[in-house]
Amino acid sequence: MAPFKDIMHYFRGEQTSALEKKLVFKMDFFILTFCCLAYFMNYLDRASVGQAYVSGMQEDLHFQGAQLTEVNTIYAVGYLLGIIPNNMLLTYFKPGRFFPFMIVVWALLTMCNAAASRPQHLMAIRFFQGYAESCIFAGTQYVLGSWYTKKELGKRTALFTASGLAGGLFGGFLQTGIYRSMNGLAGLAGWRWLYIIDGIITLPVAAYGYFLFPDIPATTTAPYFSEEEKQLARLRVPVVEESRILSRDFVSRVFKLWYFYGFVFLWILGNCSESLGNQSLMNLYLKGHPEEHYTVYQLNNYPTGLQAIGIVSTLLWALGTDIFGRRWLSGYYVAITAVCVGIILLVPGVPKAGKYAAYYWSGSIYCIQATFFAWANDSMRHQPPALRAVVIACMNFGGNVFQAWWPLVFYRADDAPDFTRGMYALIGIGIVMAFWVSAMLYMERSYAKKHMDVLDAAEASSSNGTTHDVITAGNKGLDSKV
């Protein structure tokens with residue numbers, strides 16, 4: 001009965017004041033809605049490359065060998081070069097101005113893809129597009145962590161992540177509809193219209209953010225928040241004393257924290273485990289199948305099931321770990337899934353239905369986008385916002401460093417349909433992740449125990465007026481632990 005009571009308590013919500021309920025409603029309406037729409041468009045664009053490739057772009061632009069993988073790699077390079085600078089800029093410029101500007105830039109670049117006449121043109125455009133799009137994922141994790149409490153964060157992070165997967169899912173159906181109704185219109189191929197329409201429908205999201213996004217609690221001037229609501233927002237998620245980002249002391253502090261090493265490597269493993277989805281491998285598997293011939297509609301529609309599974313998995317895991325805690329359990333689940341999927345796709349003689357099932361099952365790995373970043377936000381709740389922003393940005397950066405070369409080695413487009421090396425790599429990633437999550441748990445629990453010892457010492461010394469000194473010294477010692 002205890003789990004059932006926890007679930008009921010979670011969906012009924014905490015016993016909060018009318019003022020706080022009103023505040024959270026406004027936060028969801030103005031902050032979460034914008035972030036979800038922006039990430040939806042972000043994933044819609046990412047998925048469009050693979051969808052365009054199987055819808056005529058390969059033939060029209062005369063792709064050779066692994067040039068599609070090279071396009072994705074160059075995008076990843078631009079993306080990773082922008083992650084940390086863009087996240088740092090969020091601490092200097094208002095997110096309500098910075099996000100919309102970058103969204104307009106990538107919307108215009110998306111439309112430029114339609115003018116490409118060879119793969120090299122696409123590579124150049126995608127590099128700058130990756131840089132512009134890099135602000136959204138890690139930047140939103142930082143913004144959400146600035147507004148929402150630990151209990152509220154998981155479900156919001158899940159909705160944010162699911163909105164991105166929904167963009168990838170919608171992209172398949174959008175390309176199908178465009179190909180059916182607009183292929184050849186005004187002399188343009190259907191895949192070119194996909195880029196044009198993607199860019200056009202992204203622009204209203206930028207306008208929405210420019211006029212309505214409220215920045216973060218410490219700097220918000222949004223007129224729809226009353227002064228009482230602004231004050232409450234600052235009290236709900238207190239701001240720890242800031243450090244200057246571009247200083248030797250700050251950089252030294254980052255590299256001495258175990259959070260940095262633990263969560264960055266955790267997300268490197270997580271990002272690599274998502275390769276079956278984010279490299280459009282199922283699209284390439286279907287197009288390169290030696291026995292079956294699939295239509296353009298099938299090539300775009302069948303892989304959408306992978307994103308659909310990802311949405312369900314993300315919501316279930318995020319809600320479950322919000323209710324019961326233990327976000328690390330998702331790491332063990334993904335480790336098991338990666339090993340099993342890799343084995344199924346490697347074993348010869350597995351029927352087509354089994355291959356489909358393995359690809360769809362791999363979509364559930366997307367759940368860690370919500371759980372791992374929520375875990376990081378939870379663990380660093382009492383660290384300065386600038387430090388939290390940098391660690392989260394470094395997580396995303398580390399994952400994308402590997403995405404810049406990992407597909408070139410293990411998931412080349414000309415390795416379709418089997419991707420044998422990639423499946424062995426997936427199994428290896430699963431095994432390493434299981435061990436790393438265990439190490440993370442050990443570090444987190446050791447840190448928590450030391451923190452409690454400091455608080456106990458502070459309480460014991462409160463009678464002789466040395467509490468402040470004990471806590472200060474203890475926190476300094478804890479921050480230096482790796």
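Colleague: How should I read the setting of Asn113: does this residue count as buried or exposed?

Modeller: Asn113 counts as buried, because its relative accessibility is 0%; buried means under 20% relative accessible area, exposed over 50%, and partly exposed in between, with a 1.4 Å probe and protein chains only. This is a predicted model, in which local features need pLDDT of at least 70 and side-chain atom pairs count only at pLDDT 80 or more, whereas totals for chains, interfaces and linings use all residues. Residues are numbered from 1 along each chain as its sequence is written, and side-chain values use heavy atoms, leaving out hydrogens and water.

Colleague: Where does Asn113 lie, and with which residues is Asn113 in contact?

Modeller: Helices are DSSP runs of H or I with at least four residues, strands are runs of E with at least two, and both are numbered from the N terminus. Asn113 belongs to the loop that joins helix H4 (95-112) to helix H5 (119-147). With contact taken as heavy atoms within 4.5 Å, and neighbours within four places in sequence left aside, Asn113 touches Asp45, Leu122, Ile125, Arg126, Gln129, Trp191 and Tyr195. Its side chain also makes a polar contact with that of Gln129, at 3.1 Å; such a contact is a pair of N or O atoms within 3.5 Å, where within protein one must be able to donate a hydrogen and the other to accept it, and residues adjacent in sequence count only if both atoms are side-chain atoms.

Colleague: What do the totals for the chain look like, in helices, strands and buried residues?

Modeller: The chain has 21 helices and 0 strands, and 56% of its 482 residues are buried. Of the contacts with a separation of 6 or more, 82% come from residues 24 or more positions apart.

Colleague: How are the aromatic pairs classed, and what is the geometry of Trp267 and Phe373?

Modeller: Rings of Phe, Tyr and Trp (its six-membered ring) pair if their centres lie within 6.5 Å, with planes under 30 degrees apart called stacked, over 60 edge-to-face and the rest tilted. The whole structure contains 42 aromatic pairs. Trp267 and Phe373 are edge-to-face, at 4.9 Å centre to centre and 70° between the planes; Trp267 sits in helix H10 (residues 258-273) and Phe373 in helix H17 (residues 368-379), 106 residues apart. Both Trp267 and Phe373 are buried. The rings of Phe402 and Trp405, by contrast, have centres 5.1 Å apart and planes at 45°, so this pair is tilted. Phe402 counts as partly exposed at 22% relative accessibility, and Trp405 counts as partly exposed at 36%.
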